[in-house]
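The briefing below is meant to be read with the sequence and the model open side by side.

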Amino acid sequence: MAIAAAITQPLTVVNRRRSLSTTYSSSLNLFHLSSLSDKQSISRKSIAISSGRRPNFRALSAMSIEAPDKSSSTSFLDRTESGILHFVKYHGLGNDFILVDNRDSMEPKVTPEQAVKLCDRNFGIGADGVIFAMPGTNGTDYTMRIFNSDGSEPEMCGNGVRCFARYIADLENLNGKQSFTVHTGAGLIVPEIQEDGKVRVDMGEPILKASDVPTLLVPNKDQSAVKAKLDVDGLIWNVTCVSMGNPHCITFSSESSKDLQVDELNLAEIGPKFEHHPMFPARTNTEFVQVFSPTHLKMRVWERGAGATLACGTGACATVVAAVLEGRADRSCTVDLPGGPLDIEWREEDNHIYMTGPAQVVFYGSVPL
Ligand SMILES: N[C@@H](CCC[C@H](N)C(=O)O)C(=O)O
């Protein structure tokens, strides 16, 4: 394991409650969640929640962790047999992912059914999706694949690709400014880690042709659906459909609300009705948007295959495109999401969208499949 190999110093964990000292081997960074009590698991998880860097194991040595009741000569932390998945959990503005080192194979190490279990927030690790770092395709450095928390496979994930870039840098022990070419279901994506640790991503060009989004809504502007009427359970919404490789339906208003107040919406009730609407043959992600100014938007999202999440990178990009098409915003905007802001630019010169935002490690772990 590249990550385990990167951390070679033995580590002493002081148990204040029992006045014990336990020395762990270099593989301590692979926490075996199934073998930890809830309390231990939480305290270990919290160790790594910090700056977006690999957990600080020197800091850990000053922390108090409960010792297991029985001591054993072979620690679960040292298990390497097959059936154990080593992972790192990351988040981008609270949109969280289980990252899997799949660089030795084009076959995902986790099935869609296993992904559903791993993503479960009560019975699993808890995440919005599982992301695989795979060998490059067609000359790219890497390939990224992702399973949503319902086991479906989307073409792309904006917050996920920022996490992916940070994960690759961690795996490969790279520091400072780095950029990678990543093959995805949405084509070539280029994330660049900046000096400040944020990741700027060239997300490519938006797809506006209605049949390619895909939506069955009748095109009303060139070949696109812009401010088109969508009947959802008897209420007419004005929607614009944009694909960032994955489908998005963006709405700023409805028959009953000229300007949406997004905090007032019951996403759990209306989100699924958009997601499974017959006008969206591949289902859809839906963004509900409020305009503060031409450069400042607020958005809540109901994601295809994941439900209400704290952020959606492709959704923020699609939102700015829709806002420009509807004449509501400029090409450079800050989009506020429940988990924090993203900076989005739809550049006129190359028609590409650039997204800038954070990605942070949450914890390292291992889990039986
Ligand atoms: N949260 C992601 C999008 C993940 C995929 C989406 N649920 C879909 O099915 O298209 C993002 O940050 O873009």
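Leaving aside its neighbours within four places in sequence, Cys-317 is in contact with Gly-158, Met-203, Met-244, Ile-344, Ile-353 and Met-355, where contact means that the C-beta atoms of two residues, placed from the backbone, lie within 7 Å. The model is a predicted one, in which local features need pLDDT of at least 70 and side-chain atom pairs count only at pLDDT 80 or more, while totals for chains, interfaces and linings use all residues. Residues are numbered from 1 along each chain as its sequence is written.

**Overall make-up**
- The chain holds seven helices and 20 strands, which are DSSP runs numbered from the N terminus (helices are H or I with at least four residues, strands are E with at least two).
- Of the 369 residues of the chain, 42% count as buried, a residue being buried if 20 or more other C-beta atoms lie within 10 Å of its own, exposed if 12 or fewer, and partly exposed in between, with C-beta atoms placed from the backbone.
- Among contacts between residues at least 6 apart in sequence, 65% join residues at least 24 apart.

**Nonpolar core**
- The largest nonpolar core has 90 residues, of which Leu-99, Val-130, Ile-131, Ala-316, Cys-317 and Val-320 touch the most other members; such a core is a set of buried Ala, Val, Leu, Ile, Met, Phe, Trp, Tyr and Cys residues joined through C-beta atoms within 7 Å.
- Helix α7 gives this core its largest share, eight residues.
- At least three residues of this core come from each of domain 2 (88-202) and domain 3 (210-351), the bounds being taken from an automatic or database domain assignment.

**Ligand shell**
- The ligand is surrounded by 18 residues, and the closest are Pro-154, Asn-159, Asn-246, Gly-313 and Thr-314; a residue is near a molecule or strand if its C-beta atom, placed from the backbone, lies within 6 Å of it.
- Both α5 (158-171) and α7 (313-325) supply at least two residues each to this shell, and the shell also draws at least three residues from each of domain 2 and domain 3.
- By class, the shell divides into four nonpolar, 12 polar and two charged residues, where Ala, Val, Leu, Ile, Met, Phe, Trp, Tyr, Cys and Pro count as nonpolar, Asp, Glu, Lys and Arg as charged, and the others, Gly among them, as polar.

**Strand β10 and its partners**
- Strand β10 (residues 199-202) has a covered face, made of Val-199 and Val-201, and an uncovered one, made of Arg-200 and Asp-202.
- Strand β9 (residues 187-193) pairs with β10 in the antiparallel sense over four bridges, two strands being paired if DSSP finds at least two bridges between them; Ile-193 has Val-199 in β10 as its bridge partner.
- Five residues lie between the strands in the hairpin of β9 and β10, where Gly-197 takes a positive phi near 95°.
- Strand β19 (residues 353-357) runs antiparallel to β10 and is joined to β10 by four bridges, with Thr-356 in β19 as the bridge partner of Arg-200.

**Backbone exceptions**
- Most residues other than glycine have a negative phi, and most peptide bonds are trans.
- The peptide bond from Val-213 to Pro-214 is cis, with omega near 0°, and Pro-214 is found in the loop between β10 and β11 (228-232).
- Lys-227, in the loop between β10 and β11, has a positive phi near 50°, and Lys-227 counts as partly exposed because it has 18 C-beta neighbours inside 10 Å.
- Asn-173, in the loop between α5 and β7 (178-179), has a positive phi near 55°, and Asn-173 counts as exposed because it has 11 C-beta neighbours inside 10 Å.
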